[in-house]
Amino acid sequence: MGEVPVTVIDGDEEWTFEVERGANLRRALIENGFDVYGTVSRYANCGGRGLCSTCGVAIHEGVPEPTHWHDREAERWGYPRLSCQIEVGEPMTVELLDKIVWGQVFPDFGTDQRSVSDHEQS
């Protein structure tokens with residue numbers, strides 16, 4: 001099937017890694033050390049079943065056609081796409097978003113597992 005690049009934007013930083021074509025975006029992000037969840041949803045989420053809407057990302061390049069009802073509505077209304085419902089089929093640029101719960105952005109309190117040494121900067 002071959003590998004395709006996924007570029008991740010998180011604030012002012014950008015990383016690129018390769019995934020097997022057809023890989024699940026949520027799983028690929030997590031396996032490469034990126035946290036698609038917020039402080040609360042990191043512990044309370046649906047595990048990638050497309051039920052909780054907490055793994056949302058913005059896709060800037062390589063946007064696949066929506067296959068899940070939430071992603072169809074996301075496209076229509078401008079919501080983030082669910083990373084758990086996206087299959088990586090071509091080169092893609094994804095932005096990690098601040099997670100808002102009940103209108104509030106919760107601080108991360110230093111639980112970020114990523115560091116520059118963990119990823120090759122683009």
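## Overall architecture

From the N terminus on, the elements of this predicted model run β-β-α-β-α-β-β-β-β, and its secondary structure amounts to 2 helices and 7 strands. Helices (H or I, at least four residues) and strands (E, at least two) are taken as DSSP runs and numbered from the N terminus.

Because the model is predicted, local features need pLDDT of at least 70 and side-chain atom pairs count only at pLDDT 80 or more, while totals for chains, interfaces and linings use all residues. Residues are numbered from 1 along each chain as its sequence is written, and side-chain values use heavy atoms, with hydrogens and water left out.

## Burial, contacts and surface

Of the protein's 122 residues, 39% count as buried, where buried means under 20% relative accessible area, exposed over 50%, and partly exposed in between, with a 1.4 Å probe and protein chains only. The accessible surface comes to about 7400 Å², and 49% of it belongs to carbon and sulfur atoms; such areas come from the Shrake-Rupley method with a 1.4 Å probe, and for residues only the protein chains shown count as cover.

With contact taken to mean heavy atoms within 4.5 Å, 60% of the contacts between residues at least 6 apart in sequence join residues at least 24 apart.

## The five-stranded sheet

An open sheet of 5 strands has the order β2-β1-β5-β3-β4, with mixed pairing. Strands β2 (13-20) and β4 stand at the edges, each with a single partner strand, so one side of each is left without a neighbour in the sheet. Two strands are said to pair if DSSP finds at least two bridges between them.

Strand β1 (residues 3-10) runs antiparallel to β2, and 8 bridges join them. Elsewhere in the sheet, strand β3 (residues 56-61) is paired in the antiparallel sense with strand β5 (residues 92-96) over 4 bridges, and A58 has E95 in β5 as its bridge partner. Strand β3 is also joined by 2 bridges to strand β4 (residues 81-82), again antiparallel, with V57 standing opposite R81 in β4.

## The surroundings of T7

Within this sheet, T7 is found in strand β1, and its bridge partner in β2 is T16. T7 has a relative accessible area of 14% and is therefore buried.

Leaving aside residues up to four places away in sequence, T7 touches E14, W15 and T16, together with M92, T93 and V94.
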